[in-house]
Amino acid sequence: MSSLCLAAISRAQNVAVTGRVALEGPAHISPANSTVVWLTPLGGDPAPPPPMHATLRQKNKAFDPHLLVVTKGSTVDFPNLDPWFHNVFSLFNGKRFDLGLYEAGTTRTVHFDREGVSYIFCNIHPEMSAVVVVLPTQYFAIPDRQGEFSITSVPAGHYTLHVWNENALPSALRGLSRAVDIGPTSHAVGTIHIQVTTASTQHKNKYGQDYEPPSPNNPVYVQPQ
């Protein structure tokens, strides 16, 4: 069989896995695009997913995007696009790092070499937060604000479907995992109902202490003239 025929068969077996996420819980909850849906092959992936090179910007005292999903081994740039200093850090079970103070117009880079969820903060501005989710697979999607998602180019086979949401308890998320058989045509997994709780915006600085009020005379907070 020619290589062109084999390539055509391979493409035909790669399908789109579609579905919808519905968040249930408090009225004031994050949108559906605070969710990640992904598929891991049963028995493990014979080939590791390719690493990515992504960007998590700091602009207007906020991270953009708030939720970033990458594969294991990826690098993420953290450019400072504000006219003042930032200090990006993460001290949780994903990737632990502290980028230190760096000024406007500069960039620091982090290599995310382990799976997990990293909650990202700035040691100067407590209102800044983001999440980097590192996965062992390239078959993932972030739903749109209406909850619709599509995981594209999935080879036919047997998978486990996983779900993560920033405001859902781990026990609730574990209960949503299930086996999925992907055939040679498009596959719909239906609506995934996620029970969420009220999000907490309180966190400590990188020293485990409360944030100090901004000082107008501190050059860290002063916008250059």
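A residue counts as buried under 20% relative accessible area, as exposed over 50%, and as partly exposed in between, with a 1.4 Å probe and protein chains only. The structure described here is a predicted model, in which local features need pLDDT of at least 70 and side-chain atom pairs count only at pLDDT 80 or more, while totals for chains, interfaces and linings use all residues. Residues are numbered from 1 along each chain as its sequence is written, and side-chain values use heavy atoms, with hydrogens and water left out.

We may begin with the charged pairs. A salt bridge is taken as a side-chain nitrogen of Lys or Arg within 4 Å of a carboxyl oxygen of Asp or Glu. By this criterion, 5 salt bridges are found in the structure. One of them joins arginine 20 to glutamate 148, with 3.8 Å between the closest N and O atoms. Because arginine 20 belongs to strand S1 (residues 14–24) and glutamate 148 to strand S14 (residues 148–155), this pair ties together parts that lie 128 residues apart in sequence. Strands (E, at least two residues) and helices (H or I, at least four) are DSSP runs, numbered from the N terminus. Arginine 20 is partly exposed at 33% relative accessible area, and glutamate 148 is likewise partly exposed, at 41%.

A salt bridge also connects lysine 206 with aspartate 98, at an N to O distance of 2.9 Å. Here too, distant parts of the chain are linked: lysine 206 sits in the segment after strand S17 (187–195) and aspartate 98 in strand S9 (residues 97–98), 108 residues apart. Lysine 206 is buried, its relative accessible area being 18%, whereas aspartate 98 is partly exposed at 40%.

Aspartate 64 and arginine 57 form a further salt bridge, in which the closest N and O atoms are 3.3 Å apart. Aspartate 64 is partly exposed, with a relative accessible area of 39%, and arginine 57 is partly exposed at 30%.

Attention now turns to strand pairing, for which DSSP must find at least two bridges between two strands. Threonine 40 stands opposite threonine 160 in S15.
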